[in-house]
Amino acid sequence: LSIGGKAIGGGGTVHFRRTERIAFPYVSSRLCPGDSVEIEVLRCGQVHRWDLELTWPIPLVPMHPLQPPAYMVYGGLVFVPLSEPYLRSEWGDLFEERAPLSLVEPWFKNVRKFEGEEVVVLSTVFASPLTAGLTHFANRRVLSVDGQ
C-alpha cells in the first residue's frame, strides 16, 4: 500500500515530480544500508505496518570469500564452501555453462534462506585405502550429513 510514506498505485508506481509516476523500488533505491523505511501492506484483508531496517544482502555464494579460504579434511575427503572463485578455478570464466547445475544454481539464485546458510562442496577425494572407489566423487554438492 505504501513505502516510505508514499502511496503505491495499482500499477506499482509512486508519485514522482508534479505529474509523473515511477516504479516504487525508486523509494528504497534512494536509501542506504542502516536506514529505516516504513512499509504498509495488505495481507489477508488486514493492513500491516512495519518499520524495516535496510541492510546489505549477504550472498549465498560469495564473490570474495574469507581469506585464507575455509576448508575441512575428513578421512581423505576435502570439503569447501562454494564461492565464485572456486567455480572459476575449476571450470574457468564460462563456469555458468561448464559447471554442474547443482553448483551453478545456488550461484545464480544467490539468496540465503536463513542466516548462516552456505553451500558445501566435496571438492576432492584423496586416494587412499579409506577412499577406494570414491575418488570420482569430486566437485559434488553436499545436501545433508547424517540425515541432517
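Student: What makes the largest pocket a pocket, and what volume lies in it?

Tutor: About 360 Å³ of space lies in the largest pocket. The term pocket has a grid rule (1 Å grid over the protein atoms alone; an open set of points with protein on both sides within 12 Å along at least five of seven lines). The volume is the space filled by probe spheres set on the points, which are joined across faces, edges and corners. This is a predicted model, where local features need pLDDT of at least 70, side-chain atom pairs count only at pLDDT 80 or more, and totals for chains, interfaces and linings use all residues. Residues are numbered from 1 along each chain as its sequence is written, and side-chain values use heavy atoms, leaving out hydrogens and water.

Student: Why is S83 called buried?

Tutor: Its relative accessible area is 7%. Buried means under 20%, exposed over 50%, and partly exposed in between (1.4 Å probe, protein chains only). S83 is at 7%, so it is buried. S83 sits in the loop between strand 8 and helix 2. Beyond residues up to four places away in sequence, S83 touches V61, P62 and P65. Contact here means heavy atoms within 4.5 Å.

Student: Why does P81 fall in the class partly exposed?

Tutor: P81 has a relative accessible area of 26%, so it takes the middle class. P81 belongs to strand 8. Leaving aside neighbours within four places in sequence, P81 contacts A70, E118, V119 and V120. P81 and P69 are 12 residues apart in sequence, and their C-alpha atoms are 8.7 Å apart.

Student: How do you know that the buried residues of helix 2 are on the same side?

Tutor: Start with the list: E84, Y86, L87 and W91. They cover an arc of only 160 degrees around the axis, so they are on the same side of helix 2. The arc is that of the directions from the helix axis to the C-beta atoms. What covers these buried residues includes strand 8, helix 3 (95-98), helix 4 (101-109) and strand 9 (120-125). Just after helix 2, G92 has a positive phi of about 80 degrees.

Student: What is noted about phi in R17 and N139?

Tutor: R17 has a positive phi of about 60 degrees, yet R17 is not a glycine. N139 is also a residue other than glycine, with a positive phi near 55 degrees. R17 is in the loop between strand 3 (13-16) and strand 4 (20-23). N139 is in the loop between strand 9 and strand 10 (140-142).

Student: Is R17 buried or exposed, and why? And N139?

Tutor: R17 is at 56%, so it counts as exposed. N139 is at 16%, so it counts as buried.

Student: What lines the second largest pocket?

Tutor: It has 14 lining residues, with L60, K113, E117, V119 and R141 nearest its centre. The volume of the second largest pocket is about 300 Å³. Helix 4 gives the most to its lining, with 3 residues. By class, this lining has 7 nonpolar, 1 polar and 6 charged residues.

Student: Why is P33 called partly exposed?

Tutor: P33 is at 38% relative accessibility, so it takes that class. P33 lies in the loop between helix 1 (25-29) and strand 5 (36-43). The C-alpha atoms of P33 and S83 are 24 Å apart.

Student: How many disulfides does the structure hold?

Tutor: It holds 0. A disulfide is a pair of cysteine sulfur atoms within 2.5 Å.

Conventions:
On a 1 Å grid over the protein atoms alone, a cavity is a set of points where a 1.4 Å probe fits but cannot get out, and a pocket is an open set with protein on both sides within 12 Å along at least five of seven lines; lining residues have an atom within 4 Å of a point. Helices (H or I, at least four residues) and strands (E, at least two) are DSSP runs, numbered from the N terminus. Ala, Val, Leu, Ile, Met, Phe, Trp, Tyr, Cys and Pro count as nonpolar, Asp, Glu, Lys and Arg as charged, and the others, Gly among them, as polar.
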